Amino acid sequence: MKEAQANIVVPVLAVLVSLWALVAPFSALANFLLLVALGLTAYLKPSQMVRALTLAGLAVVFTVLIRESTDDKWAFYGLVGTLLSAMLLRIPAALKILIGIAILFISIPLAGFGNSLFLELGVQVAIFSALALGLNVVVGQAGLLDLGFAAFFAIGAYSWAIFGSGQANNFIAGHHFPLNPWLFFLFLPIAVVAAAFTGVLIGLPALRLRGDYLAIVTLGLGEVVRVLANNLDHPINLTNGPQGITPVGRPPVGWLINLLNGLGVDKLYGKPLDESIAYQLFFYLLALVIIAIVIMVNVRLSGSRFGRAWVAIREDEIAAKAMGIPLLPTKLLAFATGASFSGIMGAIYGAKQSFVDPTSFTLNQSIFILAMVILGGMGNIGGAVVGAAAVTLLNLDILKNFSDQLNTWRQTGFTLLGYNFANLPSQLEPAKYERFVFGLILILMMIFRPEGLIPEQRHKVEMEEARLETKEEGA
């Protein structure tokens, strides 16, 4: 569609659907059409100003809908989609920043005050975005397939969990543990260093290999870390084995509760804020700060000589070596960088959950993180964030909500297009097939968009050239 036509169609469509949704705020169909309007805003390519103003308007509408109904998941998905669209599409930089700040620091916290699940989803998306950005350095930029990335997540989590609980009393005599909860902030850089050091130790034997051999070795070394965490409860009890470590200390949030009450948040919702919501908001804001730092470091590294060296190794290792790039040190730097992002989020995850055990750091977790990078677009920073948001929301919320909705329809005998959902077998619940769904998504991506949702420019060009060669050979 031409830009002039899109400039008329997009805002008119958004206004009409928004008015319908506001008049019938509990209509699932109206909320779904709002998401359609959001998608068309990106797809029809109006001018940058029209697109920015439309996104800003949709953000306001989604915020109002969440304020009216604290269980409106569609509106929350719309907020996340609006945020990603504003960050990734071409719109004026000032409006991009304003929309991002408004959604991250006003809309989502307001939604979380009414329903803490929204803040929980925000924290999880932020945590896995950092993990995806870390793996994106290793896989997307340096081209090193790592199937044991969850090991660094575990190192970060256990680094604080051991000393932030009474666990350290089992092997350090004469000291009183847990440590002061405020020392959690000191352990964030400690977790970075510990994970980076572990990345170097794992990388030294593994990075002398390439391709499938590297993938198999990193898979094995990642499992070694998990098995050690599962069995280091004797002869010296370091990790408490499969029982895990609990309770893990958290920094006090009384100051945050007083601050929010001073701002009138308790009056806004007619009830005092409890500690659980304050902790959700605290970890949400902390995760946002870490994500901002991780993205800044990623951007700086991608344009540095190290980033260019990683790309050179990814494209042709032999040519890179011939050009004088030291292969092992450069690969180790990529491994240590990606591991450090994972380590700091591991420490945050351990404190947020107040519980750490080996089941959170399995091979499946590493595969999920790799799926985020592939889905978003390997080598692209924005793509890693989009992939993390999509996979996390699908895994934690969307599939489960769809299953709950099908169960409700089955119990009430809901009929759609002549089919009575009372006859729907209970085995056909999407939440029971989440691995199948993720596998199917990856297969479809490999067939129809192998470069990912938001491909790196170099990968996009390579894929287009490969398609042209295939067509020429077929002709």
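Helices (H or I, at least four residues) are DSSP runs, numbered from the N terminus. The place of Gln 124 is in one such run, helix H6. This is a predicted model, in which local features need pLDDT of at least 70, side-chain atom pairs count only at pLDDT 80 or more, and totals for chains, interfaces and linings use all residues. Residues are numbered from 1 along each chain as its sequence is written, and side-chain values use heavy atoms, with hydrogens and water left out.

Q: Why is Gln 124 called buried?
A: Buried means under 20% relative accessible area, exposed over 50%, and partly exposed in between (1.4 Å probe, protein chains only). Gln 124 has a relative accessible area of 8%, so Gln 124 is buried.

Q: Why do the side chains of Glu 120 and Lys 352 count as a salt bridge?
A: A salt bridge needs a side-chain nitrogen of Lys or Arg within 4 Å of a carboxyl oxygen of Asp or Glu. For Glu 120 and Lys 352 the N to O distance is 3.1 Å, so the pair qualifies. Glu 120 lies in helix H6 and Lys 352 in helix H15, so this pair ties together parts 232 residues apart in sequence.

Q: Why does Arg 210 count as partly exposed?
A: Its relative accessibility is 46%, so Arg 210 counts as partly exposed.

Conventions: Helices (H or I, at least four residues) and strands (E, at least two) are DSSP runs, numbered from the N terminus.
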